[in-house]
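Please look through the sequence and the model first; the text then treats one topic at a time.

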Amino acid sequence: PFSKLSNVGTTIFSQMTQLANENEAINLSQGFPDFMPDSELLDLVNQFIQKGFNQYAPMGGMIGLKEEIARKIENSHQAIYHPDSEITITAGGTQAIFTTIATFVKKDDEVIIFEPAYDCYEPTVELFGGIVKRFEMKAPDYEIDWNAVKNLVSEKTKMIILNNPNNPSGKILKENDIQELIKLVQDTSILILSDEVYENIVYDGKEHLSICKYPELKERSLLVASFGKLFHVTGWKIGYCAAPKALTDEFRKIHQFNVFSVNTPIQLALAEYMKNDEHYLGLSQFFQEKRDFLRRGLANTSFELLDCEGTYFQALKYDKISDKNDFDFATELTVNHKVASVPFSSFYKNKLNENVIRLCFAKKQETLERAIENLARI
Ligand code: GLN
């Protein structure tokens, strides 16, 4: 009777990681690197701790870091955010998403999401009394039918949540998608929450089309990003939200009572480290080598490799191997073949099963080699 989210259990990421550990399986389920971040960044954190920067940061974040973020966004997307009034440092992407939804979604407001969807959107919307309207993108292309999305829009639509590049499908939005989105929201007051935590991980020379490149979208958008993905430090739980001042003012009203502020020495270290653009400009190339290594390794197996345009996740269709549903298959793969993955159905409210699993390839060469060896034996 006291549960506000009675249908929600433990996240699939915690579940699969636990199953991997219990079975001593190679953990390609939860998305995190198994290699060390740059030691220069680690040294910087240590230096700032030793120098005595161990007390509260300002509520919205350290100005030096916000300036570096504004510079990065301007260089990458030619969009201007005022560092002090339009960028807020958050405790990871998830807190930025939670706070955005908490700030704007009221009872009976409708929120449009695209599935497969990262698992925190829907419960957070529900927690604040909102109603989720969903469009299911499907294997193998995960295309968006914008006419169908248009039918989801009503007077009550408060927000559209985008995730580009998409976790788990690895799909990125194309110019055509963005133009359709612009048409959809024009003359409405719909807000956009754009989860772009994998923005710097896009392959084959393709371009990441950030929401902030388009003035008609930027003015109504909250853009969420993550240093965990950018610098291989998911455990530091630090990210940010960039949004026009009027939206940021509201966001911070909630942020100040949610976390107040975020880890001071890490903010200072990131600010210093970000002065060198080389520290992130090569990220796509770095992960493309891992993606290609994994894809080559699995090319001659019975798994079907779906496209991976961005993120560090590879989707695999396994219907030539088993007719089990994806959850049972992922469990069997972990227990019997010692490779943990995430079943795609967990990214759909209606548990859509298309016999697809997700592998995280943000792993050392040696980890990927061992995983390929096990998967190739199936
Ligand atoms: N974002 C990561 C993933 O998709 C993990 C997030 C989490 O464990 N909550 O796997």
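Which residues surround the ligand? The ligand is surrounded by Thr11, Phe13, Gln30, Gly31 and Asn167, where a residue counts as near a molecule if its C-beta atom, placed from the backbone, lies within 6 Å of it. By class, this shell holds one nonpolar, four polar and no charged residues. Ala, Val, Leu, Ile, Met, Phe, Trp, Tyr, Cys and Pro count as nonpolar, Asp, Glu, Lys and Arg as charged, and the others, Gly among them, as polar.

The model is predicted: local features need pLDDT of at least 70, side-chain atom pairs count only at pLDDT 80 or more, and totals for chains, interfaces and linings use all residues. Residues are numbered from 1 along each chain as its sequence is written.

**Helix packing**

Two packed helices are described by the angle between their axes and the distance between the axes. Helices (H or I, at least four residues) and strands (E, at least two) are DSSP runs, numbered from the N terminus. Axes are lines fitted to C-alpha atoms, for helices over the stretch in contact, and angles run from 0 to 180 degrees between N-to-C directions.

Helix α5 (residues 92-104) packs against helix α11 (residues 245-258) at an angle of about 120 degrees, and their axes are 9 Å apart. The pair is therefore oblique, given that angles under 35 degrees count as roughly parallel, over 145 as roughly antiparallel, 65 to 115 as roughly perpendicular and the rest as oblique. The crossing of α5 and α11 is right-handed; a crossing is left-handed if the near helix is turned anticlockwise from the far one by less than a right angle, and right-handed if clockwise. On the α5 side the contact is made by Gln95, Thr99, Thr100, Ala102 and Thr103, and on the α11 side by Glu250, Phe251, Ile254, His255 and Asn258. Two residues are in contact if their C-beta atoms, placed from the backbone, lie within 7 Å. The residues of this contact comprise three nonpolar, six polar and one charged.

Helix α3 (residues 63-77) and α12 have axes that come within 8 Å and cross at roughly 40 degrees. This angle makes α3 oblique to α12. The crossing of α3 and α12 is left-handed. Gly64, Leu65 and Glu68 of α3 meet Gln267, Leu268, Leu270 and Ala271 of α12. This contact has four nonpolar, two polar and one charged residues.

**Selected residues**

A residue is buried if 20 or more other C-beta atoms lie within 10 Å of its own, exposed if 12 or fewer, and partly exposed in between, with C-beta atoms placed from the backbone. Apart from neighbours within four places in sequence, Thr99 is in contact with Thr90, Phe251, Ile254, His255 and Asn258. Thr99 and Glu250 lie 151 residues apart in sequence and 9.9 Å apart in space, C-alpha to C-alpha.

Val259 is found in the loop between α11 and α12 (264-273). Val259 is partly exposed, with 18 other C-beta atoms within 10 Å. Not counting residues up to four places away in sequence, Val259 touches Ala91 and Gln95. Between Val259 and Met59 there are 200 residues of separation in sequence and 8.7 Å in space, C-alpha to C-alpha.

Tyr214 belongs to the loop between β6 (191-195) and α9 (215-218). With 18 C-beta neighbours inside 10 Å, Tyr214 is partly exposed. Not counting residues up to four places away in sequence, Tyr214 touches Ile178 and Ile182.

**Backbone details**

Most residues other than glycine have a negative phi, and most peptide bonds are trans.

| Site | Feature | Value |
|---|---|---|
| Glu115 to Pro116 | cis peptide bond | omega near 5 degrees |
| Asn164 to Pro165 | cis peptide bond | omega about -10 degrees |
| Gln78 | positive phi | phi about 55 degrees |
| Lys351 | positive phi | phi about 55 degrees |

Pro116 is in the loop between β3 (110-115) and α6 (121-127), and Pro165 is in the loop between β5 (157-163) and α8 (175-185). Gln78 sits in the loop between α3 and α4 (83-86); Gln78 is exposed, with 10 other C-beta atoms within 10 Å. Lys351 lies in the loop between β12 (342-343) and β13 (356-360); Lys351 is partly exposed, with 13 other C-beta atoms within 10 Å.
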